[in-house]
Amino acid sequence: MEKKNDKIKWIVTFVLIAVLLLGFIGMSVKLFQKDKPVAGNTNNSAQSGFIMSETEETGITLMSATIAEEEFTPNGVSPLAESAVTLTATITPNDATYQEVDWAVSFLSLSSWVSGKNVSDYVTVAPTSDGALTATAECKQAFGEPVVITVRSRKYPELFASCICNYVKRVESVDLKLMKGKNITTTLALGDGSTYTPAATPNFSVGTVTPQITTDYVLELNSNYWSKGNTSNTAGFMYGVNVSEYRFEQSFTSTQDLIFELITPNGGMKWTNGQMLNQFIACVNKGLPDNNQAVLRAVYSVTYNGAEIESGSTKINLSFDVSNLEIAVSGVNVDTPSITW
């Protein structure tokens, strides 16, 4: 009987210890668990080029926070707005008797772009109530002159805060051309040893600041010419090879080996480099009606202050000149060593 009671006591003891241990673990997690970091406010938007910076403060401080597009309606923002921010002014001292402020928006200067334009067609600012320390600023469309938002003490107008709003230019299109020396060309002479340099020139939309653009280039065969599935162009197809990409950053030299950057064996046939080269020359020389045999593509990334705001690509079609390509004859052999008449 005593052994049974001892067994029960031990079971109860272990249960109590387990409960205490679980409680201690729970308390430790609660005490030492850190909250997930909250992302800082930003005025750069992937959907809009509207940014705010260069705050000037005299007796009043000004803070801003981006309003997400899905929060436009709850915050009274027009659904047609490109972007919007909440502005919060703080009076110094914070227990000042008169807390009322007035908000205003204007162009930074009367440049030629401003002529005949109303700032309210581009940026507006509206207090949450008359004299309120909070307001909502909306960007309606791109603008070409910086905009200034000012909040000023109604009782002491010499005390104010202001910020400058800019609009990052967007890339509307990119003009791409291929240069051979100083000349523009759409024909790539394979194996001629020349240096070819692409030039991608962006065309920007209206804005007040220009972003940074980095561009990479890709040279590849035009699938419309080389695709076996395109029945009108099957003469340009090489069985047993894969179409590859040749990527570069600034320029390339047109060597014979460049061809082997554009095509590689896929195991369908046991090609030698010479066989691939001769077959490639034969395909190009067929001269199909759609003679755009290659594609030069410029892939660009647009960034501002280190953050990507957009990306894209553009292309031009090229044709090949293979007159410089050949497998040179290295000798002539006769199988019969002698002839008897």
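Trainee: Which side chain does Glu 310 meet in a salt bridge?

Mentor: Good place to start! Keep in mind that this is a predicted model. Side chains of opposite charge can pair when their charged atoms come close. Here, Glu 310 meets Arg 170 in a salt bridge, at 3.3 Å from N to O. Glu 310 sits in strand β19 (residues 307–321), while Arg 170 is in the loop between β8 and β9 (171–180), so this pair ties together parts that are 140 residues apart in sequence.

Trainee: Are Glu 310 and Arg 170 buried or exposed?

Mentor: Both Glu 310 and Arg 170 are buried.

Trainee: How many salt bridges does the count come to?

Mentor: The count comes to six salt bridges. One of them links Arg 154 with Asp 102, where the closest N and O atoms are 2.7 Å apart. Arg 154 belongs to the loop between β7 (147–153) and β8 (160–167), and Asp 102 to strand β4 (residues 101–107), so the two tie together parts that are 52 residues apart in sequence.

Trainee: What else does Arg 154 meet in a salt bridge?

Mentor: Asp 130, with 3.1 Å from N to O. Asp 130 lies in the loop between β5 (123–127) and β6 (134–139), so its pairing with Arg 154 ties together parts that are 24 residues apart in sequence.

Trainee: Now a strand. Why is β8 described as largely enclosed by the rest of the structure?

Mentor: Look at how its residues are classed. Eight of the eight residues of β8 are buried, so the strand is largely enclosed by the rest of the structure. Phe 160, Ser 162, Ile 164 and Asn 166 point one way, Ala 161, Cys 163, Cys 165 and Tyr 167 point the other way, and all are buried.

Trainee: Which strands are joined to β8 by bridges?

Mentor: Strand β1 (residues 50–58) runs antiparallel to β8 and is joined to it by seven bridges. In that pairing, Thr 58 has Phe 160 of β8 as its bridge partner. Strand β7 is antiparallel to β8 too, with six bridges joining them. There, Val 151 has Ala 161 of β8 as its bridge partner. β7 and β8 form a hairpin, with six residues between them.

Definitions and conventions: Residues are numbered from 1 along each chain as its sequence is written. This is a predicted model: local features need pLDDT of at least 70, side-chain atom pairs count only at pLDDT 80 or more; totals for chains, interfaces and linings use all residues. Side-chain values use heavy atoms; hydrogens and water are left out. A salt bridge is a side-chain nitrogen of Lys or Arg within 4 Å of a carboxyl oxygen of Asp or Glu. Helices (H or I, at least four residues) and strands (E, at least two) are DSSP runs, numbered from the N terminus. Buried means under 20% relative accessible area, exposed over 50%, partly exposed in between (1.4 Å probe, protein chains only). Two strands pair if DSSP finds at least two bridges between them.
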